[in-house]
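Here is a friendly walk through a protein model, meant to be read with the structure open beside you.

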Amino acid sequence: MADAADVLDKTGARTDDAAGVITDARDRVDALDDRIIGLVQERMAVSAVIQKARIESGGRRVNLSREMEVLGRYRDALGKPGTSLAMTLLELCRGRI
C-alpha cells in the first residue's frame, strides 16, 4: 500500500484531502475513458456497416455532406476543439481520405 508521501507525489497535491479528491476524480476519469473508448469502437463498427452498404449499392465510401454535419455538431457542442475531435473520430471510422 502506498504511503501518504507517495500519494501526494503522484497527484501533485499538497494535502492529504486534496490527494484524496484528485485520486477519486482520476478514477472516475479513467472509468469515463473506458466508456468513451468502448463507444468509439462501437461507432467504428457501425460506420463499417454504413460504408459497406453504401459501397455495395454503388455509392462512395465517404459521404462528405454527412461528415460536414458531424463536424458541425461537434463544433456547436464543444467549440473549435470539437471539430478536431470529430475529425479524429471520422478518421478512425473511415480512414484517411
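## The chain as a whole

In the protein chain, 36% of the contacts with a separation of 6 or more are between residues 24 or more positions apart; a contact here means heavy atoms within 4.5 Å. Please keep in mind that this is a predicted model, in which local features need pLDDT of at least 70 and side-chain atom pairs count only at pLDDT 80 or more, while totals for chains, interfaces and linings use all residues. Residues are numbered from 1 along each chain as its sequence is written, and side-chain values use heavy atoms, leaving out hydrogens and water.

The predictor's confidence in each residue is given as pLDDT, from 0 to 100. The protein chain averages 92, and 91% of its residues score at least 70. Helix H1 (residues 4-11) has the lowest confidence, with a mean of 74, and helix H3 (residues 64-78) has the highest, at 97. Where pLDDT is low, the predicted coordinates should not be read in detail.

The secondary structure consists of 4 helices and 0 strands. Helices (H or I, at least four residues) and strands (E, at least two) are DSSP runs, numbered from the N terminus. Along the sequence the pattern is α-α-α-α. The radius of gyration of the protein chain is 20 Å, well over the 13 Å from the globule rule for 97 residues, so the chain is more spread out than a compact globule. That radius is taken over C-alpha atoms, and the rule is 2.2 Å times the number of residues to the power 0.38. Along the principal axes, the C-alpha atoms fill a box of roughly 65 × 30 × 20 Å.

Of the 97 residues in the protein chain, 18% are buried. Buried means under 20% relative accessible area, exposed over 50%, and partly exposed in between (1.4 Å probe, protein chains only).

| Helix | Buried residues |
|---|---|
| H2 | Ala19, Val40, Ser47 and Gln51 |
| H3 | Glu67, Val70, Leu71 and Gly72 |

The expected span is 1.5 Å times one less than the number of residues in the helix. H3 has 15 residues and reaches 21 Å from its first C-alpha to its last, close to the expected 21 Å. The buried residues of H3 pack against H2 and H4.

A glycine with positive phi comes after each of these helices: Gly58 follows H2, with phi near 95 degrees, and Gly79 follows H3, with phi near 80 degrees.

## Two residues to look at

Ile22 lies in helix H2 (residues 16-56) and is partly exposed, with a relative accessible area of 25%. Leaving aside neighbours within four places in sequence, Ile22 is in contact with Thr11 and Ala13. From Ile22 to Ala86 is 64 residues in sequence and 29 Å in space, C-alpha to C-alpha.

Arg94 belongs to helix H4 (residues 80-94). Is Arg94 buried or exposed? Its relative accessibility is 10%, so Arg94 counts as buried. Not counting residues up to four places away in sequence, Arg94 touches Gln51, Arg61, Val62 and Glu67. The side chains of Arg94 and Glu67 are joined by a polar contact of 2.8 Å. A polar contact is a pair of N or O atoms within 3.5 Å; within protein, one must be able to donate a hydrogen and the other to accept it, and residues adjacent in sequence count only if both atoms are side-chain atoms.
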